[in-house]
Amino acid sequence: MMTRILSKRVQRWAIAIVAIGVAIASCDVQKTEEESDRPQVVATSTIIADLTKKVGGDEIELVSILKPGNDPHLYEPVPQDTIALERADLILYNGYNLEPALIRLLQGTGIQAEKVAVGEKVSPLKNTNYGKNTPDPHVWGDAENGIIMLEAIRDALIELSPGDRQQFEENAEQVRESLQQLDVWIIAQIATIPPENRKLVTTHDAFEYYARAYGLEVTGTLIGMSTEEQPSAQTVKTLSDEIKMAGIPAIFAETTINPTLIKTVAQEAGVKLGDRELYSDSIGIPDSEGDSYVKMLAANTRTIVEALGGQYVPWQQ
């Protein structure tokens with residue numbers, strides 16, 4: 001056991017030397033184990049981090065690699081991320097290649113923590129629109145899938161710290177109840193949209209789970225499931241033409257993607273752009289209307305319902 005601890009500390013010293021010049025003292029991901037005897041947990045996406053914080057509470061030391069507004073498809077790890085991952089006792093990530101650069105880092109040598117692909121607990125939709133039978137990673141769009149992710153996080157934390165089982169179970173049950181109520185509420189809100197308007201056009205293909213769960217049709221997207229794609233002028237024109245043909249009243253930008261091109265699509269199609277951007281791959285910044293997983297789903301529902309002609313009733317948690 002002592003050999004393992006010494007080996008782990010030697011690895012950390014090597015990483016610290018490589019990362020010299022980084023403002024270590026000011027970054028909470030670089031706290032030493034001596035500063036906290038709580039289990040060290042790392043979450044990659046903001047959605048997973050939010051659920052983990054609600055389940056783990058003060059019983060864990062949590063680091064979120066991605067910050068609100070970060071795009072997991074494009075994110076490139078920095079030295080602090082490697083340090084956090086090396087120090088972790090448990091790493092929770094989405095999987096299905098949502099965060100490709102971080103997944104590559106997780107698969108590297110030197111990271112000994114238990115790793116759980118929380119999103120992969122959900123049976124994925126397969127997308128064949130882009131030449132591949134690719135699992136869609138955006139599983140959290142359906143609140144029922146959010147409950148599956150919640151349970152995976154709860155179980156991983158219990159295995160990590162069995163003495164805190166009761167607290168983790170109680171915390172998870174509170175979140176589960178909120179998600180169950182939210183699921184029913186979303187169904188009722190979407191049902192107020194005129195049937196001919198229940199069509200969704202967004203910047204990238206991140207809302208299939210939401211659409212299928214709540215009775216919408218994804219009519220088109222500017223790019224595919226990954227924001228690494230770059231749409232051509234022909235793609236913009238084709239999507240604009242499809243929107244005109246479908247008679248869609250509004251389309252939507254997203255918080256993690258530059259809205260310039262989707263604004264162009266709206267102008268060329270002669271339709272309204274939603275008054276607010278949708279939260280797709282990240283929760284919102286603190287104090288925004290989407291600054292938690294539950295609140296992001298509620299905020300997205302409001303944005304969609306109001307833009308497509310429904311009658312929105314505020315979510316009461």
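**Entry 1**

I looked up E173 and found it partly exposed, with a relative accessible area of 34%. My cut-offs: buried is under 20% relative accessible area, exposed is over 50%, and partly exposed is in between, using a 1.4 Å probe and protein chains only. This is a predicted model, where local features need pLDDT of at least 70 and side-chain atom pairs count only at pLDDT 80 or more, while totals for chains, interfaces and linings use all residues. Residues are numbered from 1 along each chain as its sequence is written, and side-chain values use heavy atoms, with hydrogens and water left out.

Which residue does the side chain of E173 meet in a salt bridge? It is R176, at 3.2 Å from N to O. A salt bridge here means a side-chain nitrogen of Lys or Arg within 4 Å of a carboxyl oxygen of Asp or Glu. R176 is buried, at 19% relative accessible area. I checked the helix too: both residues lie in α6 (residues 165-190), three residues apart, about one turn of the helix. I noted the general rule that an α-helix has 3.6 residues a turn, so residues three or four places apart point the same way.

One of the pairs I looked up is D275 with K272, whose closest N and O atoms are 3.6 Å apart. D275 is exposed, with 61% relative accessible area, and K272 is partly exposed at 40%.

Next I opened E289 and R302, whose side chains meet in a salt bridge at 3.7 Å, N to O. E289 sits in the loop between β10 (272-273) and α10 (293-307) and R302 in helix α10, so the pair ties together parts that are 13 residues apart in sequence. Both are partly exposed: E289 has a relative accessible area of 32%, and R302 has 28%. I also found that R276, E289, R302 and E306 are linked in a network of salt bridges.

**Entry 1: the sheet and its helices**

I followed an open sheet of four strands, in the order β2-β1-β3-β4, with parallel pairing. Two strands pair if DSSP finds at least two bridges between them. Which strands stand at the edges? They are β2 (61-64) and β4 (114-117), each with a single partner strand, so one side of each is left without a neighbour in the sheet. Neighbouring strands are turned by 20° against each other on average, direction ignored. For angles I use axes fitted as lines to C-alpha atoms, for helices over the stretch in contact, and the angles run from 0 to 180 degrees between N-to-C directions.

In the sheet, β1 (residues 40-43) and β3 (residues 90-93) pair in the parallel sense over three bridges. A43 has L92 in β3 as its bridge partner. Helix α2 (residues 46-56) packs on the sheet and touches β1, β2 and β3, its direction making about 165° with that of β2. Helix α5 (residues 143-160) packs on the sheet as well, touching β1, β3 and β4, and its direction makes about 175° with that of β3. Contact means heavy atoms within 4.5 Å.

I zoomed in on α2: nine of its eleven residues are buried. What covers those buried residues includes β1, β2, β3, α5, α6 and α10. Just after α2, G57 takes a positive phi of about 55°.

**Entry 2: the cores**

Which residues touch the most other members of the largest nonpolar core? Among its 60 residues they are L92, L182, I190 and I304. The elements giving two or more residues to this core are β1, α2, β3, α5, α6, α7 (208-214) and α10. By nonpolar core I mean a set of buried Ala, Val, Leu, Ile, Met, Phe, Trp, Tyr and Cys residues joined through side-chain atoms within 4.5 Å. Not counting residues up to four places away in sequence, I190 touches R198, Y210, Y214, G215, L216, T301, I304 and V305. Apart from this core lies another, of 16 residues, including Y75, A84, Y93 and L102.

**Entry 3: V236**

Last, I found V236 in helix α8 (residues 233-246). Is V236 buried or exposed? V236 is buried, with a relative accessible area of 6%. Leaving aside neighbours within four places in sequence, V236 is in contact with L222, L261, T264, V265 and E268.
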